[in-house]
Amino acid sequence: VSENGNSGFGVSIRQGADGRARLQLAGDLDLATAASFVNTAREQLSKGPVVLDLSEVGFMDSSGVRALDTLLKECDRNGWSLAVGAQMTENVIQVLELTGMMGALPIEDLS
Amino acid sequence: VVLDSSYPAVPDGLREIRDAVELLARDCGLRGREAGGMVLAVSEAAANAIVHGYRGDEGVIRVRARREDGELMVVVADDGRGFVPRTDSPGLGLGLPIIANVALRMEVVSEGTGTEVHIVFPCPGCAGEVGAR
């Protein structure tokens, strides 16, 4: 588990039964936390398939959207596998829809 | 005036600004996406002040808000380098479009140094307070 900032942001990583690393994000994904999230996710993606669980992210701004965009582009370039859980808070859904990012994410029902 | 506070222009300070704006949104009677939009817009304006205004330098972000005629005007002000294009911008240019999308109106005021972003939101909770400040 990594945590930083006043935003209460943290990432916990566990290996799923399906062989994919599941990154559970919690707190605020914003200007203060997006860069460290990208580094953590990039490190995991370079090792194997990753699933992002955003269900406990209470707030996301355009820095978080940019972080997801960066990871998607790196996945394309490097042949990495990334999925994003469908369960999200209303604030996260709002910013992803406002920026058009929702349609670009590889959404997957994790339930 | 319902808010007039200054915050350090650092990424870790954004949460404190959002907490203050969330209370404002509740006072305005906003819920759900309307409240979330207000918090998001002000946070984006403050993040712009950090990234584009101060660019890593120390500084202060001042957030002022006043209610008038069923609307809430929030002004996010910095004393940074002014509103100039940044060719090495680390963002996707999403901040201002987000603000414009969730606000009733917005205006960027920058004359030389410093930038003010004026953002107007609906305030149904103060609709009866004609001229309330």
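How many helices and strands does chain B have? It has three helices and five strands, and the views below come from a predicted model.

**View 1. Chain B from start to finish.** Begin at the N terminus and follow the chain along: the elements of chain B come in the order β-α-α-β-β-α-β-β. Chain B is 133 residues long, and 44% of them count as buried.

View 2. Asp78(B) is buried, yet no salt bridge goes with it. Where is the nearest side chain of opposite charge? That one is Arg81(B), and it's 9.3 Å away. What the side chain of Asp78(B) does reach is the backbone nitrogen of Gly80(B), at 2.7 Å. Leaving aside residues up to four places away in sequence, Asp78(B) touches Ala49(B), Gly53(B), Tyr54(B), Val60(B), Gly114(B) and Thr115(B).

**View 3. Where chain A meets chain B.** On one side of this view are 22 residues of chain A, in contact with 23 residues of chain B. Together the two chains bury about 1900 Å² between them, and carbon and sulfur atoms give 59% of that area. Which residues of chain A lose the most area to chain B? They are Leu31(A), Gln94(A) and Leu98(A), which together make up 29% of what the chain A side buries.

**View 4. Charged and polar links across the interface.** Five salt bridges turn up across the interface of chain A and chain B. One to look for pairs the side chains of Asp30(A) and Arg18(B), with N to O at 2.8 Å. Seven residue pairs are in polar contact between chain A and chain B, counting those with both residues at pLDDT 80 or more. On the chain A side, the elements giving two or more residues are strand S4 (50–60), helix H2 (62–78) and helix H3 (90–98). H3(A) gives the largest share of that side, with seven residues.

**View 5. Two cysteines, one in each chain.** A disulfide is a covalent bond between the sulfur atoms of two cysteines. How many disulfides are there over all chains? The count comes to zero. Are the cysteines shown here buried or exposed? Cys75(A) counts as buried because its relative accessible area is 8%. Cys28(B) is buried too, at 0% relative accessibility.

Definitions and conventions: Residues numbered from 1 in each chain as written. Chains lettered and ligands numbered in written order. Predicted model: local features only at pLDDT ≥ 70, side-chain atom pairs only at ≥ 80, totals over all residues. Heavy atoms only, no water. Buried < 20%, exposed > 50% of the residue type's maximum accessible area, 1.4 Å probe, protein only. Lys, Arg positive; Asp, Glu negative; His and termini not counted. Salt bridge = Lys/Arg side-chain N within 4 Å of Asp/Glu carboxyl O. Polar contact = N/O pair within 3.5 Å; in protein donor to acceptor, adjacent residues only side chain to side chain. Contact = heavy atoms within 4.5 Å. Disulfide = S-S within 2.5 Å. Buried area = accessible area lost by both parts, 1.4 Å probe. Helix = DSSP H or I, 4+ residues; strand = E, 2+ residues; numbered from the N terminus.
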